[in-house]
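Here are my notes for you, as numbered points. Keep the model open and follow along.

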Amino acid sequence: MRFKSLSELKRPKPYEIFLANLPQNIVMSQYAKTKTFKINELILTIHGDSFEWYGYTLGTKDSPELIIDIGLPKNDQNLLDYTIIGSKGIAEFQESLPGYTLINGWIHSHGALQYKHFSNTDEKNNLTVLDFISTRTRKPIAKREIIIQDLVFLLKDRFTEKDLGKGSATLITDGPITEARIMETVFGSFCYSIVIGDEGWHKQKIYFQEKGVLSGQTSVNSKEVDLIFADTGKTLTQSDIQVLAKEVEEKIQPNTDPPPEMIERM
Ligand SMILES: [Zn+2]
């Protein structure tokens, strides 16, 4: 008996064509940047101390990849490693937004703390936000072949139930064929994640999800990227700051009684 060489035994690589890219960096408007760090400043002036807080990064349906604004939900607990985002909270916030606005990620501040990276809780939140917004930011990014071993061809109206029992998948056609290639659309979606601090530092990642529409094959990965600031012509005015100050007062509350598990984690 003659053995095939290893290269012959290898599974053929699925044929794939590229359709579109997902964002490779995070682009944020100057307005959103100014607003972000203004929130830190306002917390300090209004509450007299620095707190951690979180918000959502916002884009539009026409331009889902650009962060044009920051949305501030009511923060329950403003503590490092304690903010746990749930899909219910994200859904409620999405519903409160105008129809053309889209959540494309989340942002949070570690305040004055020298904890300049994502915590384990942050990583869990990243996946929760990705899961929620993936259907909204998704687009076809590739067509990928599904390799089916033992594909059976049958002719419409000319097969029995027994014929259907054969093979791993069946293709029923209206004419005789001997070869077919099945290509599925791969949807890709993304979610931005940004962590900042009072001193003006920031770290950011993009989370990606890919899902084959037929196979259901899903993969999630993330990478650290650059944050690029873009001038969209919009600036944060004095009246914008007044509105923001009111929001900070109402939505971000000091927590003077940190839960014990938080102390343990630090
Ligand atoms: Zn954090």
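1. Strand 2 and strand 13 run parallel and are joined by four bridges. Ile26 has Leu227 in strand 13 as its bridge partner. Strands here are DSSP runs of E with at least two residues, helices are runs of H or I with at least four, and both are numbered from the N terminus. Two strands pair if DSSP finds at least two bridges between them.

2. This is a predicted model: local features need pLDDT of at least 70, side-chain atom pairs count only at pLDDT 80 or more, and totals for chains, interfaces and linings use all residues. Residues are numbered from 1 along each chain as its sequence is written.

3. Which order do the strands of the open three-stranded sheet take? The order is 4-2-13, with parallel pairing. Strand 4 (66-67) and strand 13 (227-230) are the edges; each has a single partner strand, so one side of each has no neighbour in the sheet.

4. Helix 2 lies across strand 2, strand 4 and strand 13, at about 80° to strand 2. Axes are lines fitted to C-alpha atoms, for helices over the stretch in contact, and angles run from 0 to 180 degrees between N-to-C directions. Contact means C-beta atoms, placed from the backbone, within 7 Å.

5. Helix 2 has 18 residues. From first C-alpha to last it reaches 26 Å, close to the 26 Å expected at 1.5 Å a residue. The expected span is 1.5 Å times one less than the number of residues. Gly48 follows helix 2, and its phi is positive, near 70°.

6. Which residues of helix 2 are buried? They are Tyr31, Ala32, Thr36, Ile39, Asn40 and Ile43. Buried means 20 or more other C-beta atoms within 10 Å of the residue's own; exposed means 12 or fewer, and partly exposed lies in between, with C-beta atoms placed from the backbone.

7. Look at strand 6 next. Seven of its nine residues are buried, so strand 6 is largely enclosed by the rest of the structure. Eight bridges join strand 3 to strand 6, and these two run antiparallel. Gly59 stands opposite Leu102 in strand 6. Strand 6 and strand 10 run parallel, joined by five bridges. Ile107 has Ile194 in strand 10 as its bridge partner.

8. The largest nonpolar core has 34 residues, and Val129 and Cys191 touch the most other members. Such a core is a set of buried Ala, Val, Leu, Ile, Met, Phe, Trp, Tyr and Cys residues joined through C-beta atoms within 7 Å. Strand 10 gives the largest share, six residues.

Notes: Contact = placed C-beta atoms within 7 Å.
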